[in-house]
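Visitor: I would like to learn how to read a ligand site and a sheet. Please take them in turn.

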Amino acid sequence: MRVLITGARGQVGHELLRRAPSGFEVMGLGSSELDIGDAGSVESTLRQLRPRLIINAAAYTAVDKAESEPEQAYRVNRDGVANLARAAAEIGAPILHISTDYVFAGDAQQPYLETDPTAPSGVYGASKLAGEQVLAEIHPRHLVLRTSWVFGAHGNNFVKTMLRLGRERDKLGVVADQHGGPTPADSIADALWQLASSYRSQGNLQWGIYHFSGAPACSWHDFAVEIFRQAGQMGLLERLPRVDAISTSDYPTPARRPAWSVLSCSRLEADHGIGQPDWREGLRRVLEELAG
Ligand SMILES: NC(=O)c1ccc[n+]([C@@H]2O[C@H](COP(=O)([O-])OP(=O)(O)OC[C@H]3O[C@@H](n4cnc5c(N)ncnc54)[C@H](OP(=O)(O)O)[C@@H]3O)[C@@H](O)[C@H]2O)c1
């Protein structure tokens, strides 16, 4: 079964390519090969390649920069998704799409359900929500996987930033009043391939919005402490920095971050048998790969 992966050079796209199960003919296109914001290119590429399924891992992901260049964020995260949805509907291929915890306001105290009201606080979250909405309007056969705090060995993420800062500094301040679920990029890829495999064997899938993130929920500070604990065990850093807990107000950023980003993932488990990965195990895999 032929599967097209867009955004194939990103963190998740990269893992999708290298973790494809046998029996799939995978075509991965990076942004230089297919710009999803270009409606004509999307249409002609899909008509030419005729994939049976599309996994969209392309997105504008610069959360802070999006505040000053909303047009670019919307061009990819809303219009790019609409372009894919139209062209996919035309060739009869469903879409597996990735979205974010940032669609929520972040002021809850319980893990967010798929049915909870959305209220993004920044441009990035708003553009991703707009993408979910255009996809639902244009192409009924779609599945949205909302995830959070993605990290992998490939690309830029919090784990790599912590390792770099840990080499440069004796102590770091890390935000302790924002909670979420770190999610290994390889686990997201595996979840998407499991969904693709179900679609292939059943010829259909239970479509809709699903949450998928790593467990247990933690703060960025907890995440940083575990990164340095494991990095220390592996001898990845010569000396470990002190990691101080700070509050969001001590670390201002252009985009406001949700204080509570924890996603309830039981719907994906109930409908598709996909459970939450333990991010600490994913972290070990990433650090081992980085250690080479
Ligand atoms: N990173 C996170 O913490 C996080 C959290 C929650 C949800 N998500 C979602 O997870 C998905 C995967 O994110 P990621 O972490 O893998 O992001 P990433 O590493 O930034 O990858 C995104 C990829 O999309 C590509 N892209 C950007 N504009 C494009 C365009 N117009 N056409 C085609 N490709 C384009 C980028 O290519 P260039 O680099 O060449 O621009 C990049 O390779 C996204 O939907 C994201 O919104 C991410």
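Visitor: How many residues surround the ligand, and which are the closest?

Guide: A residue is near a molecule if one of its heavy atoms lies within 4 Å of it. Here 24 residues surround the ligand, and the closest are Ser31, Asp35, Thr61, Tyr124 and Lys128. This is a predicted model: local features need pLDDT of at least 70, side-chain atom pairs count only at pLDDT 80 or more, and totals for chains, interfaces and linings use all residues. Residues are numbered from 1 along each chain as its sequence is written, and side-chain values use heavy atoms, with hydrogens and water left out.

Visitor: Which polar backbone atom is 2.9 Å from a nitrogen atom of the ligand?

Guide: That backbone atom belongs to Ile36. A ligand oxygen lies 3.2 Å from a polar backbone atom of Ala59. Of the 890 Å² of accessible area that the ligand has on its own, the protein covers 77% (Shrake-Rupley method, 1.4 Å probe).

Visitor: What is the order of the strands in the open sheet?

Guide: Strands of a sheet pair through backbone hydrogen bonds, either parallel or antiparallel. Two strands count as paired if DSSP finds at least two bridges between them, and strands are DSSP runs of E, at least two residues, numbered from the N terminus. In this model the 6 strands follow the order β2-β1-β3-β4-β5-β10, with parallel pairing. The edge strands, β2 (25–29) and β10 (208–211), each pair on one side only.

Visitor: How many bridges join β5 to β10?

Guide: There are 4 bridges between β5 (residues 142–147) and β10. Arg146 has His211 in β10 as its bridge partner.

Conventions:
Polar contact = N/O pair within 3.5 Å; in protein donor to acceptor, adjacent residues only side chain to side chain.
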